Amino acid sequence: MNARKTANYANNAKAQELWKTLYLCAKESDTRRFHALYDKIYRPDILWDAWQRVKRRKGSGGVDEQTLEDIMTHGEKNFLNELYLELKEKRYHPQPVLRTYIPKGDGKKQRPLGIPTIKDRVVQMATKLVIEPIFEADFQECSYGFRPKRNAHQAIAKIRKESKKSYWVLDVDIQGFFDNINQDKLMKLLEQRISDRRVLKLIRKWLKAGIMEEGKLRNSITGTPQGGVISPLLANIYLNTMDKLWEKRFSHLGKLIRYADDFVVICRTKQEALESAQVIKAIMNKLDLTINKDKSRLVNIWDDTEGFDFLGLHHRKFPIRKKGGRTFYILNHVPSKKAMQKMRTKIKDYTEPRHKLHKDIRDIVKGLNRKLQGFKNYYQISPMGKKWLNRIDWYVLTRLNLFNNKKRNRRNKHTKFKDTAEEVKYFLVKLAS
């Protein structure tokens with residue numbers, strides 16, 4: 001191990017030790033408020049760890065147009081030293097986030113995304129590393145999104161377990177969640193655990209930094225910018241109010257399962273599901289949030305009549321026939337229609353550009369495999385899903401065949417399908433395998 005790798009490991013170990021210490025202190029007392037946190041944010045090992053994490057995520061620059069490549073050319077240490085001094089001398093001021101839009105899963109609507117500058121992303125990441133363990137000690141078991149050692153597959157496994165004895169699902173969608181978070185209430189929740197005014201002021205600055213859209217600056221009165229490194233943590237802190245209230249007073253109605261701002265309640269009876277809907281509505285009112293009535297619904301999962309979409313998967317009980325003619329209904333998880341369309345769009349966007357026609361098909365497959373492996377890791381969660389993933393496998397071969405025929409200037413773009421399938425079969429990732 002060379003000197004640089006050794007230094008990186010030592011820095012990471014120190015950051016992990018701080019995380020563990022803060023978590024244990026917060027776990028010991030749920031009323032303790034932490035007052036000496038700001039100086040830890042600009043600690044060189046914390047800033048270095050934050051920079052490494054931001055760099056791994058890649059991403060474009062913000063309103064200042066500074067890129068990761070610019071920073072690496074100028075010198076990573078120079079960048080972090082300047083940031084260290086800005087924070088220590090309290091000269092750091094965040095810039096507005098750059099507003100851009102990305103297509104939603106349906107391909108029709110667009111989701112707003114705020115892109116902070118890379119400097120702001122590093123400071124947000126450093127702040128997240130310091131305050132996350134304090135709030136992690138308070139978070140409930142029902143929360144799975146954007147938390148250490150927790151993921152969507154665990155949330156889905158919980159749904160599968162609860163579905164064995166519960167037959168009604170309250171599927172809730174919060175309307176414009178990130179844009180409608182009440183900033184004052186969020187700050188009060190932060191103050192329950194943090195008394196360091198410098199850290200609170202730093203977070204307030206990000207909330208008030210504003211949004212730059214088409215060259216015009218717009219002040220942000222409510223919400224946290226989607227795309228900010230610290231936004232998922234702030235979202236969990238805000239909705240932890242609901243989690244705690246539910247676990248303490250309403251868990252008898254059903255099991256709450258939340259991933260960031262997406263959540264469902266699994267109930268035994270329709271009556272409990274209806275009561276749950278009223279409780280959730282009251283909690284949302286308390287948090288100044290609104291339920292999207294068009295996307296929220298009550299679903300009966302007794303048999304294969306109905307299902308619901310959650311975390312990119314469609315959850316439905318499919319019939320399993322046993323010997324003797326008996327039929328059992330077991331919950332399975334298959335890619336949702338939106339997810340299937342999204343996969344096809346990504347595959348088409350990767351294989352369609354004409355400037356790639358000079359490449360060998362094996363090079364195209366190599367790049368495509370990275371996307372396919374990601375699909376496979378996430379969506380191949382149950383045996384029933386293979387039927388849906390097989391359709392994507394077929395679509396991949398169709399797109400590769402179109403690429404091959406365009407490359408060879410064949411008039412019939414759909415000919416020679418078997419030849420293409422034979423050519424790529426040994427090195428193409430198969431989703432349904």
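1. Helix H11 (231–250) contributes the most to the lining of the second largest pocket, with 5 residues. Helices and strands here are DSSP runs numbered from the N terminus, of at least four residues (H or I) and at least two (E) respectively. Helix H9 (183–191) and H11 each provide at least two residues of this lining. A pocket is an open set of points on a 1 Å grid over the protein atoms alone, with protein on both sides within 12 Å along at least five of seven lines, and lining residues have an atom within 4 Å of a point.

2. The model is predicted: local features need pLDDT of at least 70 and side-chain atom pairs count only at pLDDT 80 or more, while totals for chains, interfaces and linings use all residues. Residues are numbered from 1 along each chain as its sequence is written, and side-chain values use heavy atoms, with hydrogens and water left out.

3. The second largest pocket holds about 390 Å³ of space. Of its 15 lining residues, Leu-189, Gln-192, Ile-237, Thr-241 and Lys-244 are the closest to its centre. The lining comprises 6 nonpolar, 3 polar and 6 charged residues. In this classification Ala, Val, Leu, Ile, Met, Phe, Trp, Tyr, Cys and Pro are nonpolar, Asp, Glu, Lys and Arg are charged, and the others, Gly among them, are polar.

4. There are 3 cavities of 30 Å³ or more in the structure. A cavity is a set of grid points where a 1.4 Å probe fits but cannot get out; points are joined across faces, edges and corners, and a volume is the space filled by probe spheres set on them. The largest cavity contains about 50 Å³. Its lining includes Gln-124, Trp-206, Thr-224 and Ser-231. Helix H10 (197–207) and H11 each supply at least two of the lining residues. By class, this lining has 5 nonpolar, 4 polar and no charged residues.

5. An open sheet is formed by 4 strands in the order E2-E1-E4-E5, with mixed pairing. Strand E2 (110–115) and strand E5 (216–218) are the edge strands, each pairing on one side only. From one strand to the next, the twist averages 40°; axes are lines fitted to C-alpha atoms, and angles run from 0 to 180 degrees between N-to-C directions. Strand E1 (residues 97–103) and strand E4 (residues 211–213) pair in the parallel sense over 2 bridges, where pairing requires at least two DSSP bridges between the strands. Ile-211 in E4 is the bridge partner of Val-97.

6. Glu-86 belongs to helix H5 (residues 76–88). Glu-86 counts as buried because its relative accessibility is 15%, where buried means under 20% relative accessible area, exposed over 50% and partly exposed in between (1.4 Å probe, protein chains only). Its side chain makes a polar contact with the side chain of Lys-119 at 2.9 Å. A polar contact is a pair of N or O atoms within 3.5 Å; within protein, one must be able to donate a hydrogen and the other to accept it, and residues adjacent in sequence count only if both atoms are side-chain atoms.

7. Glu-214 has a positive phi of about 55° and lies in the loop between E4 and E5; Glu-214 is exposed, at 77% relative accessible area. Asn-409 has a positive phi of about 55° and lies between helix H15 (386–407) and helix H16 (417–424).
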